[in-house]
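Q: I have a model open and want to go through a few spots in it. Can we start with the pockets?

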Amino acid sequence: QLNIDPSDIIGGGGEDDAKWFEKHFGYPVHASFDEDGIPEFGGDPESQACLMAWHKARATLKPLAEVLNDLYDESPLTPHPGTVVSFVKRYEAAKAKDGRLDFDDMLGRFCGLTFTVEGPQEVLPQGDVPDEVVGWCFDEAQDASPLLFRAQNRLLTGRSAEWGWICADPFQAVHTWNGADPSLFLNWQADKEKLLRKSHRCPAPIIKLGETCLRRLGKDYIDRKVIPADHDGSVCHAYDIEEAIAQVSPTSDTLILARTNNHVRRIMGMLKEQGTPFREVKNTAEPSNKALARAAVIKLSAGDSVSSLSVRHILHLFPYKAGDVCLWANGSRKAWDASPPSVAADFRLADLRSVGATDDLLNAI
């Protein structure tokens, strides 16, 4: 909506971020966003702390000094106010000089805010609201910061906007350190509210364990009366993490969840040491099946051949129907999975007919 080139965004995935910081500050800083849109800064610890403080001040729409007071209570490693203010002013001057901006700047432009160390100032919003959108859905709304909340409200001003669905669980508000405020969701005036009591993920033993943990909150405990999922489940207790990992067997699939990346690396080391094969669910070092299928489609469209393994990926990439148009003969996927070729045959585009592709799919490719 703001017509911003991704290469101008700090933390937007550009390879020159570290060089840009090194040019202006004398040392490289790596900027990125995690899957929840939360900024991450690596490199110099002091610069990282200054950038996070400045991010939180803008996300919460508070003066920098007020945010720093809160941060000092959380961590004694927060730099001195003078150091942070000096860094922020150099950072903003460097961005202005080179025409760079970060994610908070983008939200601010769209919301009609500009940021100073004394707090945000109102300006005319930039960018158009997508007037063709009829309904917006804001998921995980308990994690919205005041800045993001303001951007969401502006989206609802579009000419065609009739609906806004806001989905959230205020009991999951664990990201308050990122400026999130679940009260924004709880106080959002709605024409209709629906409370979802049933968990479709956690069976009774898991719910019971969770409630046992939460009861330790004492007088702050609230019984949410969550109805457990219908499927069975069990909780096994191990003396320590080493005992639990030792029980993981290569003969069955086990999903291991860890709270932090540090724990993930520790568990991976233990699995490697005991010779248990594993893979990272979020690992992007190897291309996904979907990416391999798309690459094969591009090769077929160029007249090249692909392997039988690529054909299997393509079978799972395209749905049986797209609208009213059939892309595969009925049962194609099941027939392939039941008896794939015994040799790694080469397939060209027309050969896909032999595995059930319709002419409409071939024409589309």
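Q: How do the residues of the lining of the second largest pocket divide into nonpolar, polar and charged?
A: This is a predicted model. In the lining of the second largest pocket, 15 residues are nonpolar, two are polar and one is charged.

Q: What volume does the second largest pocket have?
A: About 920 Å³. It is lined by 18 residues, and those closest to its centre are Cys236, Ala244, Leu255, Ile256 and Leu257.

Q: Which helix gives the most to that lining?
A: α9, with three residues. Both α8 (204–214) and α9 (241–246) supply at least two residues each.

Q: Where does Ile256 lie?
A: Ile256 is in the loop between α9 and α10 (261–273).

Q: What is Ile256 in contact with, leaving aside neighbours within four places in sequence?
A: Ile245, Val248, Ile267 and Leu271.

Q: Changing topic to aromatics. How many aromatic pairs does the structure hold?
A: It holds 10 aromatic pairs. One of the pairs is Phe149 with Trp188, whose ring centres are 4.7 Å apart.

Q: Why is the pair of Phe149 and Trp188 edge-to-face?
A: Because the ring planes of Phe149 and Trp188 are at 70 degrees, and planes over 60 degrees apart count as edge-to-face.

Q: Where are Phe149 and Trp188 in the chain?
A: Phe149 is in helix α6 (residues 146–155), and Trp188 is in the loop between α7 (182–186) and α8. They are 39 residues apart, and the pair links distant parts of the chain.

Q: Are those two buried or exposed?
A: Phe149 is buried at 18% relative accessible area. Trp188 counts as buried too, at 14%.

Q: Which residues do ring pairs link into a cluster?
A: Trp20, Phe21, Phe25, Phe87 and Tyr91.

Q: Back to α6. Why is α6 largely enclosed by the rest of the structure?
A: Because seven of its 10 residues are buried. These are Pro146, Leu147, Phe149, Ala151, Gln152, Arg154 and Leu155.

Q: What covers the buried residues of α6?
A: The cover includes α2, α5 (103–111), β3 (113–116), β5 (135–138) and α7.

Q: You listed Arg154. Which ring does its charged end sit over?
A: The ring of Phe110, with the charged end of Arg154 at 4.5 Å from the ring centre. The charged end of Arg58 sits over another ring, that of Phe115, at 6.0 Å from its centre.

Q: Where is Arg58, and is it buried or exposed?
A: Arg58 is in helix α2 (residues 45–60). It is buried, with 3% relative accessible area.

Q: What is Arg58 in contact with, leaving aside neighbours within four places in sequence?
A: Glu92, Lys95, Asp102, Asp104, Asp105, Phe115 and Leu147. Of these, Leu147 is one of the buried residues of α6.

Q: Last one, Val29. Where is Val29 found?
A: In strand β1 (residues 29–33). Val29 is buried, with a relative accessible area of 0%. The C-alpha atoms of Val29 and Gly43 are 4.9 Å apart, and the two are 14 residues apart along the chain.

Notes: Residues numbered from 1 in each chain as written. Predicted model: local features only at pLDDT ≥ 70, side-chain atom pairs only at ≥ 80, totals over all residues. Heavy atoms only, no water. 1 Å grid on protein atoms, 1.4 Å probe; cavity = no way out; pocket = protein on both sides within 12 Å on 5 of 7 lines; lining within 4 Å. Points joined across faces, edges and corners; volume = space filled by probe spheres on them. Helix = DSSP H or I, 4+ residues; strand = E, 2+ residues; numbered from the N terminus. Nonpolar A, V, L, I, M, F, W, Y, C, P; charged D, E, K, R; others polar. Buried < 20%, exposed > 50% of the residue type's maximum accessible area, 1.4 Å probe, protein only. Contact = heavy atoms within 4.5 Å. Phe/Tyr/Trp six-rings, centres within 6.5 Å; stacked < 30°, edge-to-face > 60°. Lys NZ or Arg CZ within 6 Å of the ring centre and 35° of its normal.
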